[in-house]
Amino acid sequence: MLLVTSRETRRWVIPKGNAAPGVALHNAAALEAEEEAGVCGAVCPTPLGSYRYRKRRGNGASLMIDVEVFPLAVSQELDHWKEQDQRERRWFTLADAADAVEESDLRDLIRSFGASEFKAATRRTGMLGAVANTSGVGSMFAWFQRLLPKTGNFFELFEAHAVTVVAAADALARLLQGGPAARDHIREVIEREHDADNIIREVLQTVRKTFLTPFDRGAITSLIGAMDDAVDEMQAAVNAIDLYEVTEFDQEMRDMTAIIVDGARLTAEAMPLLRDVARNGVRLHELTERLVRMEGHADDIHAAGVKRAFKEYGATDTLRFIVSREIYKHLERIVDALEDVANEIDGIVIDHA
């Protein structure tokens, strides 16, 4: 997480400020991040939460300020920005960022953002393998492991697939921000979808061969299937953008993509927690509840975007309206798939927590 120092007290804070009239709060937050921290990216329109702090005015008054916090997935760090001579910026781990800020509510909010190391998922080894590596008795464990019923590596596969979902979502967000690198972003989404296909193929093969599974076989295939649907729709979206050579994107499209980025992050955080559903049931429910809430917010944005596109292009540029509607359709289906992931996780929690 990126923090900046305040101009007067030099304490660590998040970029923030007052929204200009008529500017959506999440867009105002993104503007503050660019001006104060010199970063750009996809900002999710669904807030993480809010906190309060006391601010001293120039007239001597000390007033309580309410701050809504929005997650922004950084895709670019600027070399020069408006307040670079007035502040310091620094990347922290989530734990260190929570310790660095003074406001207790903000500290709790940072900690709730999630600290799972899902990027290491594809490098994990099974429990017996880890023991063998550290104890130096690999040959004995290899012999012993051959005697055990096959249990599969489902958790590793879930987590690896989540990594592809996050990476594809990030590439999709960079694409919709515009710029000359569109071809590379489209290619990355397609490559990530191919990676996801390989993973789901291994999951389905493992389900057929495995004697003991951690969850019901139907729950395993439904969960990985919902995740794969999200990546498939990301590929469908970039294919449509490529086919119709779309280079300009509505704000509503960017907002929906930002929700997708944050939804992918939540999915990736949830996957390692499935290793111990009983212990992590509360946190899993928090993540799925947020995913469902974000899907409802995305529905509103989708409706507003299609309506605005119809008013602007429906009578004068019918083809542009049809293309815009198709892109909105794919973005909506991505969010719907992420909600399906949340529902599948909830089902597992109900059965096993």
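Helix H6 passes helix H8 in a left-handed crossing, the near helix being turned anticlockwise from the far one by less than a right angle. The model is predicted, with local features needing pLDDT of at least 70, side-chain atom pairs counting only at pLDDT 80 or more, and totals for chains, interfaces and linings using all residues. Residues are numbered from 1 along each chain as its sequence is written, and side-chain values use heavy atoms, without hydrogens and water.

H6 (residues 154-176) and H8 (residues 217-243), which are DSSP runs of H or I with at least four residues, pack at an angle of about 20° with their axes 10 Å apart. That makes H6 roughly parallel to H8, a term for angles under 35 degrees.

Strand S1 (residues 2-5) joins S2 over 2 antiparallel bridges, and Val-4 has Val-13 in S2 as its bridge partner.

A search of the whole structure finds 1 cavity of 30 Å³ or more, a cavity being a set of points on a 1 Å grid where a 1.4 Å probe fits but cannot get out. The largest cavity has a volume of about 40 Å³, and helices H9 (251-273), H10 (277-313) and H11 (318-352) each supply at least two residues of its lining, in which residues have an atom within 4 Å of a point. Among the lining residues are Ile-259, Leu-291 and Glu-339.

Technical notes. Pairing = 2+ DSSP bridges. 1 Å grid on protein atoms, 1.4 Å probe; cavity = no way out; pocket = protein on both sides within 12 Å on 5 of 7 lines; lining within 4 Å. Points joined across faces, edges and corners; volume = space filled by probe spheres on them. Axes fitted to C-alpha atoms, helices over the stretch in contact; angles between N-to-C directions. Parallel < 35°, antiparallel > 145°, perpendicular 65-115°, else oblique.
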